[in-house]
Every structure is written in C-alpha cells, then in structure tokens.
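Thanks for coming. I will go through a few local features of one chain, and you can follow along on the screen.

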Amino acid sequence: MHKTIFSTPVIRPVMRWLSLAYLKLTGWKVEGSLPENARVSVFIAAPHTSNWDLPFTLMAAFVFRLDVYWMGKEEIFKPPFRRIMMWLGGIPVRRAQSNNLVAESARALQESTRPMQLVVPPEGTRSKVRYWKTGFYHIAQTAGVPIILSYLDFGTKRLGLGPLLVPSGDLEADMVTIKAFYAPIQGKNPDQYHAE
C-alpha cells in the first residue's frame, strides 16, 4: 500500500496531539482501544452521513495510533486533490467497476507486513440508503481478519472503537449483531441513516 500521513514519523505525533486537543475542546469523548489481535483488520465506518465523517475518522486514527486506509468514491481523488487524499490514506473506488475490490482489498490485508486497518463505510454513500452493502464483511472473511465496529456518534459526541467481530461465515446472523450495535448511534445527519 502507498505511504500515508499515518506512517510519517514527525507529523504523526503532532497530529495526534492536535486531534486530542480539538476533540477535548469541542466536547467529544474517545472510547475503546485496538485489540492486539486486530492490528490488521477491517473497520466499519458507520454511520456515514456527512462530509464531516472523514475529518473525524482521521482524528480518531491519530488518537488511536492507527495505520488506516479508507475507501472513497473516485470523484474526490481528481486533481488537484488526488495526492493529498492518497496521503490521507484514501483508496479511490470506481463504484461501477468494483467487482475486484473485495479480492484486491483482502489480498492487501493478507500481504501486509505491518499494522493496517481498512476503513469501509457499509452504506457506500452519504446519501440515505435502506440497506447496507456487505463488502466489508467479505473483505474481512476472505482475508481472515477481524472486523472492528468503529463509530462516530454525533448525538452524544462519542467516537470510538467498539467490539471486535470475527466473521462466522453466517452473514445474516453476523449482520444482526452488527446492526444491533449501530442502532442507537446517531450520524451527523440522522435522517440519512437507517441500519437495516
């Protein structure tokens, strides 16, 4: 995977300090920690309802000392922003041609020689959707890595790392567990979010 801000030695501690300071000053509470067996893992980024989700996700990554890569629609990677978005951990996704995305993402996780967390929004968009996409689940299952239920709760100003879930292979049962966890969590635009 490409080099990111999270692997830049001098910037990383400064950004961690700035992120902690901003979150504290604005009343946000940081919860949880990354389990040792999840150094390579898939993160669910939910609910995803606003452009504000990205800066908060990046701050959370600095606070928890993560090495994140996140998926975003290809349109936000157009010049002149492509290099900066990639440096921030972005991976451009062509929604119309994402048929190899699961296999490629799983392979990158399997071949990682250092900690790596792949952040995937299950809604696939900030727009209101009724059903979640399950690519995050298939990536984790194929790679043999756990899923971390990460969250941004704008209603209670909490962000954190929730429980770890090891895909059982029973997608339906695991999705019931996942959606039950996210049911009370409020996105920035709550009318855009529906955990079904």
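Where is Pro80 found? Pro80 sits in the loop between β3 (68–73) and α3 (82–87); helices here are DSSP runs of H or I with at least four residues, strands are runs of E with at least two, and both are numbered from the N terminus. A cis peptide bond joins Pro79 to Pro80, with omega about 10°.

Before I go on, some ground rules. This is a predicted model, in which local features need pLDDT of at least 70, side-chain atom pairs count only at pLDDT 80 or more, and totals for chains, interfaces and linings use all residues. Residues are numbered from 1 along each chain as its sequence is written, and side-chain values use heavy atoms, with hydrogens and water left out.

Back to the backbone. Ala46 and Pro47 are also joined by a cis peptide bond, here with omega about -10°. Pro47 belongs to the loop between β2 (40–46) and α2.

Next, positive phi. Arg65 is not a glycine, yet its phi is positive, about 55°. Arg65 lies in the loop between α2 and β3. Its relative accessible area is 49%, so Arg65 is partly exposed; that term covers the range between buried, under 20% relative accessible area, and exposed, over 50%, using a 1.4 Å probe and protein chains only. Lys157, not a glycine either, has a positive phi of about 55°. Lys157 is in the loop between β6 (147–153) and β7 (158–165), and at 35% relative accessible area Lys157 is partly exposed.

Now the aromatic rings. Rings of Phe, Tyr and Trp (its six-membered ring) pair if their centres lie within 6.5 Å; planes under 30 degrees apart count as stacked, over 60 as edge-to-face, and the rest as tilted. By this rule there are eight aromatic pairs. In one of them, Phe6 and Phe62, the ring centres are 4.8 Å apart and the planes are at 40°, so the pair is tilted. Phe6 is in the segment before α1 (11–25) and Phe62 is in helix α2 (residues 53–63), so this pair links distant parts of the chain, 56 residues apart. Both Phe6 and Phe62 are buried.

Trp28 and Phe56 form a tilted pair as well, at 4.7 Å centre to centre and 40° between the planes. Trp28 is in the loop between α1 and β1 (29–31), Phe56 is in helix α2, and 28 residues separate them. Trp28 is buried, because its relative accessibility is 9%, and Phe56 is buried at 5%. Ring pairs also connect Trp28 and Phe56 with Tyr22 and Phe154 in a cluster.
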